[in-house]
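Work through these exercises with the sequence and the 3D view side by side. Try each task before you read its solution.

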Amino acid sequence: ADPITEAGQRARGIYLGAGYVRRNGADGVIAAVRGARMNAVVLDLKDGEGRVHHATRIPELAPAQTGWLGDAPALVGRLREEGIYTIARIVCFADRALPARAPGRAIQVARRRGQPWVSWGTGGTWLDPYHPDNHRLVVALAREAEAIGFDEIQLDYVRFPVDDGTQFAHYPSETAEPRPQVLLRLLRDVDAAVGIPLGVDVFGLAAYRDGDPSGLGQDLELFARHVEVYTPMLYVHAMRNWRRGEPDRAFRLVFDGVQRLRERLGIEPVIRPFLQAFATSADSFDEVFIHDQVRASRRAGADGFLFWHPGHAYSMVRRAMHGRSRALVPFPVAEPLARRRARRPGQPVAAR
């Protein structure tokens, strides 16, 4: 285990893509985080388009470099000096760029071997999770994230695609190894390669279900061997038919998901859900919608929370955090901190 600092256990933050950083710089990131009364930020190193936003030394990613983070170590250093907890998001297998350059590493069309398969869900191409070079790619990116100075690594799309289009998908490197074991090997290798906490974004439904009934490869109990932070994506939009028409739907979705995950995993992992900051599929998009998600996270035993908006528009989050949600933060994590220290003798959880 890589002990997570007290700052990490108390983290509440927003996601800001590399395009936002390019336009607004470090000052803009600091202003956005503080303006929303947050203390953490999620920044893309490698995004779902396959773009890489720092000066990578990984040869196959060189054509996808954007440079949008600028001097990444200086950026991260500045944010940390300002007391902002920094999380490096690395998209693992959803990739719209590398499969075109290296189709042998991609999930392919079953009847047209060599042609990258396109997901009906994401509309993009995917790297083959079985391929060892794709595992090595994620490990190399994690090492670069640590070298840049990030506090934590967050792996996204660390799963298999499961939309209806997978009936036409072919995995060139497929073996008989169960999918959860394939992903567990990846997490083991990343965990062994870095000395900072490792987190994973997981499907909201995965928080509710034991094992891996959907074939995502996300067996969360298995992941606990190598993962310090779980970020279930508990969006009403992603589960828009869940309890449709019932009152307090957003609250119940977050509360039940976090509570169920805590029951399954115990006190050891940090649970920090991704909450919805956009209007799609929300019964009403207002301060109450934001407040209900934060309140549910706190009451269910989460350590903190993150907000996601693909366009980085957090005005409603700001209104709620300066209004009705103001008294909800910071979350009371003194008891979890003490219990985690007691469970890790010789590995104190130290505040940065």
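This is a predicted model: local features need pLDDT of at least 70, side-chain atom pairs count only at pLDDT 80 or more; totals for chains, interfaces and linings use all residues.

**Exercise 1. Ser281**

Task: Then find where Ser281 lies and state its phi.

Solution: 
- Step 1. Buried means under 20%, and exposed means over 50%.
- Step 2. Look along the chain. Ser281 sits in the loop between strand E11 (274–276) and H10.
- Step 3. Check the backbone. Phi of Ser281 is near 70 degrees, which is a positive value in a residue other than glycine.

**Exercise 2. Tyr157**

Solution: 

**Exercise 3. The largest pocket**

Task: Describe the largest pocket by its volume, its lining and the classes of its lining residues.

Solution: 
- Step 1. Start with the volume. The largest pocket has about 1,200 Å³.
- Step 2. Turn to the lining. It is made up of 45 residues. Nearest the centre lie Thr122, Tyr157, Arg159, Met233 and Tyr235.
- Step 3. At least two lining residues each come from helix H2 (18–35), strand E8 (198–203) and helix H7 (204–208). H2 gives the largest share, three residues.
- Step 4. Sort by class. The lining has 20 nonpolar, 14 polar and eleven charged residues.

**Exercise 4. His291 and its neighbours**

Task: Is His291 buried or exposed? Which residues does His291 touch, not counting those up to four places away in sequence?

Solution: 
- Step 1. Locate the residue. His291 belongs to helix H10 (residues 287–300).
- Step 2. Its relative accessibility is 12%, so His291 counts as buried.
- Step 3. List the contacts. Beyond four places in sequence, His291 touches Arg324, Ser325 and Leu328.
- Step 4. Look for a polar contact. The side chains of His291 and Ser325 are joined by one of 2.9 Å.

**Exercise 5. Aromatic pairs**

Task: How many aromatic pairs does a search of the whole structure find? Then classify the pair of Phe274 and Trp308.

Solution: 
- Step 1. The search finds twelve aromatic pairs.
- Step 2. Take Phe274 and Trp308. Their ring centres are 5.5 Å apart, and their planes make 90 degrees. Planes over 60 degrees apart count as edge-to-face. This pair is edge-to-face.
- Step 3. Phe274 is in strand E11 and Trp308 in strand E12 (residues 305–308), so the pair ties together parts 34 residues apart in sequence.
- Step 4. Phe274 is buried, at 0% relative accessible area. Trp308 is buried too, at 16%.
- Step 5. Phe305 and Phe307 have ring centres 5.7 Å apart and planes at 80 degrees, so they are edge-to-face. Phe305 counts as buried at 1% relative accessibility, and Phe307 counts as buried at 0%.
- Step 6. Look for a cluster. Tyr15, Phe274 and Trp308 form one aromatic cluster.

**Exercise 6. Cavities and a cis bond**

Task: How many cavities of 30 Å³ or more does the structure hold? Which residues does a cis peptide bond join?

Solution: 
- Step 1. The structure holds two such cavities.
- Step 2. The largest cavity has a volume of about 60 Å³. Its lining includes Phe203, Leu205 and Asp212. By class, this lining has five nonpolar, three polar and two charged residues.
- Step 3. The second largest cavity holds about 30 Å³. Among its lining residues are Arg10, Phe305, Val329 and Pro330. The classes here are five nonpolar, one polar and three charged.
- Step 4. Val329 and Pro330 are joined by a cis peptide bond, with omega about 0 degrees. Pro330 lies in the loop between helix H11 (315–322) and helix H12 (334–343).

Technical notes: Residues are numbered from 1 along each chain as its sequence is written. Side-chain values use heavy atoms; hydrogens and water are left out. Helices (H or I, at least four residues) and strands (E, at least two) are DSSP runs, numbered from the N terminus. Buried means under 20% relative accessible area, exposed over 50%, partly exposed in between (1.4 Å probe, protein chains only). A polar contact is a pair of N or O atoms within 3.5 Å; within protein, one must be able to donate a hydrogen and the other to accept it, and residues adjacent in sequence count only if both atoms are side-chain atoms. Contact means heavy atoms within 4.5 Å. On a 1 Å grid over the protein atoms alone, a cavity is a set of points where a 1.4 Å probe fits but cannot get out, and a pocket is an open set with protein on both sides within 12 Å along at least five of seven lines; lining residues have an atom within 4 Å of a point. Grid points are joined across faces, edges and corners, and a volume is the space filled by probe spheres set on the points. Ala, Val, Leu, Ile, Met, Phe, Trp, Tyr, Cys and Pro count as nonpolar, Asp, Glu, Lys and Arg as charged, and the others, Gly among them, as polar. Rings of Phe, Tyr and Trp (its six-membered ring) pair if their centres lie within 6.5 Å; planes under 30 degrees apart count as stacked, over 60 as edge-to-face and the rest as tilted.
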